[in-house]
Amino acid sequence: MSDVSPLDDNAVYRTLLESTKAIPWRLDWATMKFTYIGPQIEALLGWSVDSWVSVEDWAMRMHPEDREYVVNFCVSQSQAGADHEADYRALTKENGYVWIRDVVHVVRNASGEAEALVGFMFDITERKKTEEKLLSLQKELEDLSFRDGLTNIANRRRFDSSFELEWDRARTEGKPLSLLLLDVDFFKQYNDLYGHSQGDQCLIEIAQTLSLALDGPRDLVARYGGEEFVVLLPEADAEVAMKVAERCQRLLDKKAIVHALSPHGRRVTMSIGAGTVVPGEQAERAAFVKAVDQQLYTAKNNGRHRIEYVRSDSA
C-alpha cells in the first residue's frame with residue numbers, strides 16, 4: 001500500500017511539468033479559458049502566468065502573418081476532436097518573436113464530447129533558424145546549378161528548363177516565341193593569339209554585354225557551350241527578335257574588344273541565327289532549335305558578323 005496521497009501525486013506531477021523546458025497548458029473547451037499554464041511561459045515570452053486568461057490572449061500574442069491560418073487550423077482540428085500540432089511565431093512582451101510548436105491533445109468526456117485541450121508549447125526558434133539556413137543554402141546551390149561558372153549568367157541547364165516552360169506556354173496561349181543562337185567569330189584564333197585566360201575574360205565581357213540587350217521580363221541569356229550563347233525571348237515576334245539581335249551586335253561593337261586577327265574591324269564580333277515560332281500541337285522544340293542553329297551556320301558561312309533569320313508561323 002502506497003504512503004503517497006493523491007495530493008502528493010499532484011504536487012509531484014506539477015513539479016515534473018514545471019521543471020521541463022516544454023510549457024504545459026490546459027484550456028477549458030466550454031469557456032475557452034486557460035485553467036493552467038506553466039510558469040516557464042514568463043521566462044520565454046515575458047508574459048506573466050496571470051495574463052493568460054482566454055484563447056484570445058493566445059491568438060493575439062501571435063505574429064499577424066501566422067494568426068489567421070494557425071487559429072483556424074487549431075479550432076477546426078479541435079472541433080473535429082483531432083489531436084494536432086502547429087508552428088507559429090509567438091509575440092514576446094518586448095515586441096520580439098519566438099518560434100513555438102504547440103502540440104495539442106483533445107480531452108473528451110464520457111459522452112465523447114470535447115471537454116478540454118491540453119498541450120505543450122516548445123521553443124523551436126533555433127531549429128527554425130537552422131531550417132531557414134538550410135533552405136537558404138539549398139536555394140544558393142540551386143542557383144549555382146543554373147549558373148555558368150565562368151560568365152555568371154544562366155547555363156545550358158537553366159536554358160533547357162526555361163525553354164521547355166516557355167514553349168509549353170507559347171503553345172497553350174498561341175503566342176510567339178523567339179530564339180537567338182550566337183557564336184563568337186574567330187574565337188579559336190582569339191584564344192591562340194591572346195591565351196585562354198584572356199579568352200575567358202572575353203567571354204565574361206560578352207555575357208555582360210548580351211545581358212544589357214534584354215528588356216522583356218522573362219527574357220533569358222545563357223551560355224550555350226564554349227563560345228556559343230543563346231537568348232530566349234518569350235512573347236517576342238519577328239520584329240522584336242531582330243531588334244534584340246541587332247542590339248546585341250551594336251552593343252558588342254560599342255564594347256570594341258580588340259581582336260587583331262579578325263577581318264571585321266580588328267574587333268570581336270558575333271554571328272547570330274534567329275528564329276520565331278508560334279508552336280502548334282505537333283511542334284517539336286528540337287526541330288525549332290535545329291532550324292535556328294542552321295541560320296547561325298548560314299551566318300558563319302556567309303562571312304560572319306551578320307544575322308540570319310528564319311520564321312515559322314506554326315511549327
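This is a predicted model: local features need pLDDT of at least 70, side-chain atom pairs count only at pLDDT 80 or more; totals for chains, interfaces and linings use all residues.
A residue is called buried here when its relative accessible area is under 20%, exposed when it is over 50%, and partly exposed in between (1.4 Å probe, protein chains only). Residues are numbered from 1 along each chain as its sequence is written, and side-chain values use heavy atoms, leaving out hydrogens and water.

Let's start with the overall picture. The protein chain has 10 helices and 10 strands (DSSP runs numbered from the N terminus: H or I of at least four residues for helices, E of at least two for strands). Its radius of gyration is 33 Å, well over the 20 Å that the globule rule gives for 315 residues, so the chain is more spread out than a compact globule. That radius is taken over C-alpha atoms, and the rule is 2.2 Å times the number of residues to the power 0.38. Along the principal axes, the C-alpha atoms fill a box of roughly 105 × 45 × 35 Å.

Now for the inside. A nonpolar core is a set of buried Ala, Val, Leu, Ile, Met, Phe, Trp, Tyr and Cys residues joined through side-chain atoms within 4.5 Å. The largest one has 29 residues, and Leu180, Leu182, Ile206 and Phe229 have the most contacts inside it. Strand S6 (177-184), helix H7 (187-194), helix H8 (196-211), strand S8 (228-234), H9 and S9 each supply at least two residues of this core. Apart from it lies another core of 25 residues, including Ile37, Val70, Ala86 and Leu91.

Charged pairs come next. The whole structure holds 20 salt bridges, meaning a side-chain nitrogen of Lys or Arg within 4 Å of a carboxyl oxygen of Asp or Glu. In one of them, Lys300 meets Asp183 at 2.5 Å, N to O. Lys300 lies in helix H10 (residues 285-301) and Asp183 in strand S6, so this pair ties together parts that are 117 residues apart in sequence. Both Lys300 and Asp183 are buried.

Compare that with helix H9, where Lys243 and Glu239 sit four residues apart, about one turn of the helix. Their salt bridge has its closest N and O atoms 3.5 Å apart, and Lys243 is partly exposed, at 45% relative accessible area. Elsewhere, salt bridges that share partners join Glu85, Asp87, Arg101, Lys128 and Glu131 into one network.
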